[in-house]
Amino acid sequence: MDQPRTDPDQELVKRTQAGDAAAFDELVIKYTPRLYGLVYNMTSNHEDTNDLLQDIFAKAYKAIRGFQGKSSFYTWIHSIAVNMTLNFLKKRGRRFQLSLDDVDASIQNDREFMEATATSSPVREADLSELQRRLNEAMMKLSEDHRAVVTMFHIQGMPHAEISKILRVSEGTVRSRLFYANRQLQNYLDEFRKNPVS
Amino acid sequence: MDEFDDREIARLLRLKRYEQPPPGYFENFLHEFHRRQRDELLRQPIWRMCLERAHAFMLGLDVRSLTSYPAAVAAVLVCAAVISLKIYQQPETARVALQSPPAISTPVSAGEEWNLASPPVAPPILRMQPVRSFHESAQTHRAAPPRYVLDSVPVSYEPTFRF
């Protein structure tokens, strides 16, 4: 199942290693949106995400000469991003301000979102918005490690095997963390459903 | 549906993919990245820049082939130290200086008396006999700075004539 594949970024990586800064710029452009989603859903803060992303790419640029291609660049840069974000969260502790309450305007054009809200009354729409807010709160109640797994699996759509490589844990650990995180999220959202006004 | 199941949770979480940064963020991100890189370079002390460049240079080389270099350098240094110690301890070749004129001895037969009427003396034979051999000297004075003894002996120390 896990067949060796050629890294699509191999050429850009080699050029960067040879000193071509423009090649690294291409990698930055390619991976910024994806890494933004990963870091943002773990930190829940735009400013922190921006600073962390800058640091992540700076670190990757310094370390890329030592990158030997044992994993794909995708896995490598995601490992850097997850580890730096986890370290940041451990340092930050609980002193954060939730800034992911508002669903961005671009979500309004999403088919899935439109389906979810098309048949809804204004009351139900308000419920959905509240549900999103509650979901974000529930996410922040998870431990950093569980949040990382939920973010990568549910939000980024990564397979278990890829997550296990990035986090350097077994696939079994990934699955158990995911199971535990889902239970926690369900419990929290069930409370909201039973007591919608809080 | 009273309870959230895994599918519903997953569906709700997928919506979070659409949470995006402010418009223009990704366009400006690269410029911001370049600006921060320049700022960081300017803040760094020169020694650190040199160190980083040296580190980058070393990484660019095949590090595995370089792992034997420290051992080789250490071996060369040890050899050099041993050789220099040996050279220091080895005594220099003795240069013997003659401080007194060589003793001139004449072969004299036991029974003959010397007088003015005697025939002329045979040409003198130069004899230079060290009192102690070089090896004896070296053994005695190994630790001390090199000392030398005269290979020649004053005439008065020569064996006396027997008449």
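**Where chain A meets chain B**

Me: Which side chain of chain B meets A:Arg183 in a salt bridge?
Reply: The term needs a side-chain nitrogen of Lys or Arg within 4 Å of a carboxyl oxygen of Asp or Glu. In this predicted model, the N to O distance for A:Arg183 is 2.8 Å, and the partner is B:Asp6.

Me: What pLDDT must side-chain atom pairs have to count?
Reply: Residues are numbered from 1 along each chain as its sequence is written, chains are lettered from A and ligands numbered from 1 in the order in which they are written, and side-chain values use heavy atoms, without hydrogens and water. In this predicted model, totals for chains, interfaces and linings use all residues, local features need pLDDT of at least 70, and side-chain atom pairs need 80 or more.

Me: What area is buried between chain B and chain A?
Reply: Contact (heavy atoms within 4.5 Å) involves 45 residues of chain A and 33 of chain B. Buried area is the accessible area (1.4 Å probe) that two parts lose on being put together, summed over both. Carbon and sulfur atoms give 60% of the total, which is about 3900 Å².

Me: Which helix gives the most to the side of chain B that touches chain A?
Reply: Three salt bridges are counted between the chains. On chain B, H1, H2 (25–43) and H3 (46–60) each supply at least two residues to the side touching chain A; helices here are DSSP runs (H or I, at least four residues), numbered from the N terminus. With 10 residues, the top contributor is H2(B).

Me: How are H9(A) and H1(B) oriented to each other?
Reply: Axes are lines fitted to C-alpha atoms over the stretch in contact, with angles from 0 to 180 degrees between N-to-C directions. Those of H9 (residues 171–194) of chain A and H1(B) come within 10 Å and cross at roughly 90°. Angles of 65 to 115 degrees count as roughly perpendicular. H9(A) and H1(B) are therefore roughly perpendicular.

Me: Which residues of H1(B) meet H9(A)?
Reply: The H9(A) side consists of A:Asn182, A:Arg183, A:Leu185, A:Gln186, A:Leu189 and A:Arg193. Their partners in H1(B) are B:Asp6, B:Glu8, B:Ile9, B:Leu12 and B:Leu13.

Me: At what angle do H7(A) and H1(B) pack?
Reply: From H7(A), A:Val150, A:His154 and A:Ile155 meet B:Ala10, B:Leu13 and B:Arg14 in H1(B). The axes of H7 (residues 144–155) of chain A and H1 (residues 6–14) of chain B lie 9 Å apart, and the angle is about 85°.

Definitions and conventions
Parallel < 35°, antiparallel > 145°, perpendicular 65-115°, else oblique.
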